[in-house]
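Student: I have a chain open in the viewer. Please show me how to read its features one by one.

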Amino acid sequence: MVNIESKLDELEGDGFILIEGALSPEETEHIRQRINYAREMGWEEGLNAVGNMWFDSLLDREPETYAPLVGHPSVRPYLKGMMGKQCQLRSYRAHINPGPYLQEWHMDFYGYWQEKREAAKYRLTVPPIGINTTFFFQDNGPGLGHLKFIKNGHLIEPPHLYPIDRPKFEAWCEAQEHVILYPKAGDCVVFINHSPHQGAKERDDMERSNVVCHYQVTPMYEGIWHVSRPRGYEGTFPFAKQ
Ligand SMILES: O=C(O)CCC(=O)C(=O)O
């Protein structure tokens, strides 16, 4: 029996939690195959320089496959426990790493620290914050692949962000203490998405894919410094009616 309150404490304290077996083997295999199908169909938006191919349209193309991951029962207690009804799906992105892959150190919500300072100037404004649920479809492991975080990275403002000096920011990230996770097929990593993180393959020929749901606590204004564009408003609050 999982103690939700202690997992919420862990998420708040460490900035991430690993949910093992978040998806059933059947769900995992079905979605793994559909992501590969999306690649066969050429539905990707692009393949970036670090080896990450991304797909932003899958929730709209195949809602029967992809919508169940939004507020999935395995992550619902954590999303609800952190954000309640204000939990809003910001964006939905699948990835495949077709070849060598070493992601740049990055934050999904780069603007977090400046928005926190900005919010403190006003009487009613609350600082915006976001959470990722990243579902994995193959086994990561030593020698295979991993997801790395900076230890307590959600609590430390990185230098060289405003304005960003990417080489210096990445060198700073590299020099910090790290925590390495090895999510397996069907696992989900729930994390506060201004934590600097870096995914990687340790074996270039492993198949590796994931689906990231970005959630935000509203309000986030248009143009806030986040890696993803919002999907809009209608129908994006998975817990509004529950
Ligand atoms: O494991 C990975 O490839 C990185 C995942 C990532 O960047 C994310 O979940 O936001």
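Student: Which residue in β10 is the bridge partner of Ala-94?

Tutor: A word on the source: this is a predicted model, in which local features need pLDDT of at least 70, side-chain atom pairs count only at pLDDT 80 or more, and totals for chains, interfaces and linings use all residues. Residues are numbered from 1 along each chain as its sequence is written. Now the general idea: strands of a sheet pair through backbone hydrogen bonds, either parallel or antiparallel. Here, the bridge partner of Ala-94 in β10 is Val-211.

Student: How many helices and strands does the chain have?

Tutor: Helices (H or I, at least four residues) and strands (E, at least two) are DSSP runs, numbered from the N terminus. The chain has seven helices and ten strands.

Student: What is the strand order in the open sheet?

Tutor: Two strands pair if DSSP finds at least two bridges between them. The open sheet has seven strands, with antiparallel pairing, in the order β1-β8-β5-β10-β4-β3-β2. β1 and β2 (46-47) are at the edges with a single partner strand each, so one side of each has no neighbour in the sheet.

Student: In what sense do β6 and β9 pair?

Tutor: Strand β6 (residues 145-150) pairs with β9 in the antiparallel sense, over five bridges. Phe-149 stands opposite His-197 in β9.

Student: How many residues of β9 are buried?

Tutor: Count neighbours. A residue is buried if 20 or more other C-beta atoms lie within 10 Å of its own, exposed if 12 or fewer, and partly exposed in between, with C-beta atoms placed from the backbone. In β9, four of the five residues are buried. Over the chain, 38% of the 242 residues count as buried.

Student: Is Glu-177 buried or exposed?

Tutor: Glu-177 has 9 C-beta neighbours inside 10 Å, so it counts as exposed. Glu-177 lies in the loop between α7 (166-175) and β7 (178-181).

Student: Where does Trp-43 lie, and what does Trp-43 touch?

Tutor: Trp-43 lies in the loop between α2 (25-40) and β2. With 16 other C-beta atoms within 10 Å, Trp-43 is partly exposed. Contact means that C-beta atoms, placed from the backbone, lie within 7 Å. Leaving out residues up to four places away in sequence, Trp-43 touches Ala-38, Phe-55, Ser-57 and Arg-61.

Student: Which residues surround the ligand?

Tutor: A residue is near a molecule or strand if its C-beta atom, placed from the backbone, lies within 6 Å of it. The shell around the ligand consists of Gln-103, Asp-108, Asn-132, Thr-134, Leu-147, His-197, Gly-199, Asn-210 and Val-212. β5, β9 (197-201) and β10 each supply at least two of the shell residues.

How values were computed. Two residues are in contact if their C-beta atoms, placed from the backbone, lie within 7 Å.
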